[in-house]
Amino acid sequence: TGLESLTRLEQLHAQLNHIESLTPIQKLTSLRELYVSLNRLQTLDGLTRQHSRALKTFFCLPNEHLPDRVLLRAERTLGIRCRSL
């Protein structure tokens, strides 16, 4: 939390934390790089089609509780590919 107003933010490196949700980044559609590997994510809720326009680098793996179906949905419906460290 606390990131919601940083709408011009282009890079966010938040790996190896205890992040459980990407909802706070929903309005951060200028993000070009997002690193959220090694957290406690179970969904990618918060990522939208607007993110796919700018987001070129997205590292979300490994996240132990993030199901493959969630990764496939992000790739197929949002056009965002999840990468692994």
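Trainee: Why does arginine 81 count as exposed?

Mentor: Its relative accessibility is 57%, and exposed means over 50% relative accessible area, with buried under 20% and partly exposed in between (1.4 Å probe, protein chains only). Arginine 81 therefore counts as exposed. This is a predicted model, in which local features need pLDDT of at least 70 and side-chain atom pairs count only at pLDDT 80 or more, while totals for chains, interfaces and linings use all residues. Residues are numbered from 1 along each chain as its sequence is written, and side-chain values use heavy atoms, with hydrogens and water left out.

Trainee: What does arginine 81 touch?

Mentor: Not counting residues up to four places away in sequence, Phe58 and Glu75; contact means heavy atoms within 4.5 Å. Arginine 81 sits in the loop between H2 and S4. Such labels are DSSP runs numbered from the N terminus: helices (H or I) have at least four residues and strands (E) at least two.

Trainee: Why are the buried residues of H2 said to line one face of the helix?

Mentor: In H2 (residues 68-78), the buried residues are Val70, Leu71, Ala74 and Leu78. Seen down the helix axis they fall within an arc of 105°, so they line one face. The arc is that of the directions from the helix axis to the C-beta atoms.

Trainee: What lies over that side, and what is on the face turned away?

Mentor: The cover includes helix H1 (49-54) and strand S3 (57-61). The face turned away carries the exposed residues Asp68, Arg69 and Arg76.

Trainee: What makes S3 largely enclosed?

Mentor: Four of its five residues are buried, so the rest of the structure largely encloses S3.

Trainee: Why are S2 and S3 called paired?

Mentor: Two strands pair if DSSP finds at least two bridges between them. S2 and S3 have three, in the parallel sense, so they meet the definition. S3 and S4 also run parallel, joined by two bridges. Phenylalanine 59 in S3 stands opposite tyrosine 35, and its bridge partner in S4 is arginine 83. The four strands form an open sheet in the order S1-S2-S3-S4.

Trainee: What makes S1 and S4 edge strands?

Mentor: Each pairs on one side only.

Trainee: How exposed are leucine 16 and leucine 38?

Mentor: Leucine 16, at 65% relative accessibility, counts as exposed. Leucine 38, at 38%, counts as partly exposed.

Trainee: Which residues make the nonpolar surface patch?

Mentor: Leu16, Leu38 and Leu85 make a patch of about 320 Å². Patch residues have over 30% relative accessible area and no salt bridge; like charges are joined within 9 Å, and nonpolar side chains (Val, Leu, Ile, Met, Phe, Trp, Tyr) within 5 Å. A salt bridge is a side-chain nitrogen of Lys or Arg within 4 Å of a carboxyl oxygen of Asp or Glu.

Definitions and conventions:
Accessible areas come from the Shrake-Rupley method with a 1.4 Å probe; for residues, only the protein chains shown count as cover.
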